[in-house]
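User: I'm new to reading structures. Could you pick one part of this one and take me through it closely, linking it to the rest of the chain?

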Amino acid sequence: MQDVKDVLQEITKLRLERGWSEYELAKNAGLSQSTISTWYRKGQVPTIQTLEKVCRGFGITLSQFFAEGDDAIFLTQAQKEMLDNWSVLNPKQRELVTELLKNMTAASFAI
């Protein structure tokens, strides 16, 4: 069975690699310092939405956060911009964009 990544440990590792305090992480991620302190104090794992903010603060994607070793995914600037835009959409907007992309792809095959 594959090990599950320790989210808090990974956040700490990435934060320390940058020489950031919890306050600096909070500021860069757009979160309160008390939110981050609570994770550690209570051993809580952030929600996916909050983890997306943390990743944006670090300048990485969720895929990169969860990548193991050689599995790290490197994106072009255009792909990063697309993911940044995606991450701020609400669920309905994401659904609409997904449908649009499916229709565009289907249309390109029909041409």
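Analyst: Residues 24 or more positions apart make up 51% of the protein's contacts with a separation of 6 or more, where contact means heavy atoms within 4.5 Å. This is a predicted model, in which local features need pLDDT of at least 70 and side-chain atom pairs count only at pLDDT 80 or more, while totals for chains, interfaces and linings use all residues. Numbering starts from 1 along each chain as its sequence is written, and side-chain values use heavy atoms, leaving out hydrogens and water.

The protein has seven helices and zero strands; these are DSSP runs numbered from the N terminus, H or I of at least four residues for helices and E of at least two for strands.

Let's zoom in on Arg 56, which sits in helix α4 (residues 48-58). Arg 56 is partly exposed because its relative accessible area is 35%, between the limits of under 20% for buried and over 50% for exposed (1.4 Å probe, protein chains only). Beyond its neighbours within four places in sequence, Arg 56 is in contact with Asp 84, Ser 87 and Val 88.

The protein exposes about 7900 Å², and 55% of that comes from carbon and sulfur atoms, with areas computed by the Shrake-Rupley method using a 1.4 Å probe.
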